[in-house]
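Subject: Structure handover

Hello,

Here is the structure I promised you. Please open it alongside this note, and then read on for what I found.

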Amino acid sequence: MSTSAGMMTVIPESQIRALIRLLSDEDDRIVETISDKLIDIGPSAVPLLQQAEIEQPEMADRIAAILEEIRGGKLEDELRAMAKLPDEAMSLEDGAFLIARYAYPTLDVPAYRQQLDTMAQEIRERIGQRASGEETVTALNRYFFTEQGFKGNTKNYYEVENSYLNRVIDRRVGIPISLSVVYLLIGQRLGLPLHGIGMPGHFLVKYDSERYKIFIDCFNGGALLTEKNCARFLTEAGYGFDEKYLQKSPVRAILSRMVKNLLAIYSKTDEPVKTARFTRLIEILGGESREDNL
């Protein structure tokens with residue numbers, strides 16, 4: 001549902017409060033009509049809805065559903081605008097934080113960007129100007145995995161927090177794709193020739209310069225893999241080997257895969273509202289919702 005209708009006129013607070021009060025009506029059709037009106041009003045109704053959610057717990061479920069529609073609709077609009085861009089103009093960072101803002105609506109994105117800036121700056125001081133590709137990867141890996149302690153969440157692989165960028169930065173654990181995204185965002189700040197490799201069943205980062213080419217497995221402590229190692233993994237996992245499996249993943253494909261992982265988790269935990277929302281986000285990115293991921 002679009003929130004654009006509410007942009008044209010400013011609805012007075014008293015009117016929004018009156019609508020919220022009507023949500024306690026016994027008649028489901030009235031509740032649905034009121035809900036649609038509040039969704040149309042959009043973000044300006046959010047603070048009052050949040051207040052009512054606390055003050056009137058008996059209406060909490062109805063209010064939560066409206067808040068989800070408003071926030072989800074706004075994020076869909078933002079993602080739609082992003083998805084219209086050509087791939088090279090799409091920002092992996094903006095997209096990953098957009099996904100995180102679904103679960104964490106009040107997320108302080110600038111604070112997380114600052115953390116990434118700080119990490120990049122600390123690595124920059126260690127690498128120096130004349131480091132070779134090999135020395136650069138060694139320094140980056142030592143910093144990222146040993147000092148900062150980023151690691152794969154082998155205990156709770158399917159935990160939802162593994163997929164949200166802010167929580168991966170907070171907790172220092174994630175799944176292959178989310179850890180790779182943090183690694184890539186630091187690499188982007190350093191201008192390094194890094195890109196994501198969305199193999200079937202696993203996600204890697206590739207350092208790809210003329211003199212040095214290596215695959216980095218962020219889920220397994222930054223283990224370094226050659227193309228032969230990757231081919232063996234794919235063959236043993238039953239996918240067979242195809243050159244295309246080791247091609248650079250476009251930003252759109254990385255974001256789509258992040259959303260698919262969340263969709264798979266929410267489907268398993270039987271959360272229909274979130275499942276529907278994430279299915280729509282995948283459609284906006286132009287992907288199919290069922291595929292092998294993580």
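One definition first: buried means under 20% relative accessible area, exposed means over 50%, and partly exposed lies in between, with a 1.4 Å probe and protein chains only. Helices and strands are DSSP runs, numbered from the N terminus: H or I of at least four residues for helices, E of at least two for strands.

By that count, 13 of the 18 residues of helix 11 are buried, so helix 11 is largely enclosed by the rest of the structure.

Some ground rules. This is a predicted model, in which local features need pLDDT of at least 70 and side-chain atom pairs count only at pLDDT 80 or more, while totals for chains, interfaces and linings use all residues. Residues are numbered from 1 along each chain as its sequence is written, and side-chain values use heavy atoms, with hydrogens and water left out.

**Overall**

The protein has 12 helices and six strands. Its C-alpha atoms fill a box of roughly 70 × 40 × 35 Å, taken along the principal axes. Of the 294 residues, 48% are buried. Contact here means heavy atoms within 4.5 Å. Among contacts with a separation of 6 or more, 60% join residues 24 or more positions apart.

**Helix 1**

Helix 1 covers residues 13–21, and Ile 16, Leu 19 and Ile 20 are buried in it. They cover an arc of only 100° around the axis, which puts them on the same side of helix 1. The arc is that of the directions from the helix axis to the C-beta atoms. The face turned away from the buried side carries the exposed residues Ser 14 and Arg 21. What covers the buried residues includes helix 2 (28–41) and helix 3 (46–55).

**Helix 6**

Helix 6 runs over residues 109–127. Its 19 residues should span 27 Å at 1.5 Å a residue, and its end C-alpha atoms are 27 Å apart, which agrees. The expected span is 1.5 Å times one less than the number of residues.

Which residues of helix 6 are buried? They are Val 109, Tyr 112, Leu 116, Met 119, Ala 120, Ile 123 and Ile 127. Their arc around the axis is only 95°, which puts them on the same side of helix 6. On the other side, Pro 110 and Glu 125 are exposed. The cover over the buried residues includes helix 5, helix 7 (133–147), helix 8 (165–171) and helix 9. Just after helix 6, Gly 128 takes a positive phi of about 75°.

**Helix 5 against helix 9**

Two packed helices are described by the angle between their axes and the distance between the axes. Helix 5 (residues 92–103) and helix 9 (residues 176–189) pack at about 145°, with axes 10 Å apart. Axes are lines fitted to C-alpha atoms, for helices over the stretch in contact, and angles run from 0 to 180 degrees between N-to-C directions.

Helix 5 brings Leu 92, Glu 93 and Ala 96 to the contact; helix 9 brings Val 181, Leu 184, Leu 185, Gln 188 and Arg 189. These residues divide into five nonpolar, one polar and two charged. Ala, Val, Leu, Ile, Met, Phe, Trp, Tyr, Cys and Pro count as nonpolar, Asp, Glu, Lys and Arg as charged, and the others, Gly among them, as polar.

Most residues other than glycine have a negative phi. Arg 172 has a positive phi, near 65°. Arg 172 sits in the loop between helix 8 and strand 2 (173–174). Its relative accessible area is 19%, so Arg 172 is buried.

Asp 270 also has a positive phi, about 55°, although it is not a glycine. Asp 270 lies in the loop between helix 11 (251–268) and helix 12 (272–284). Is Asp 270 buried or exposed? At 63% relative accessibility, Asp 270 counts as exposed.

Lys 206 lies in strand 4 (residues 202–208). Lys 206 is buried, with a relative accessible area of 11%. Leaving aside neighbours within four places in sequence, its contacts include Pro 193, His 195, Lys 213 and Phe 215.

Leu 246 is in the loop between helix 10 (227–236) and helix 11. At 7% relative accessibility, Leu 246 counts as buried. Beyond neighbours within four places in sequence, Leu 246 is in contact with residues including Ile 197, Met 199 and Cys 230.

Best wishes
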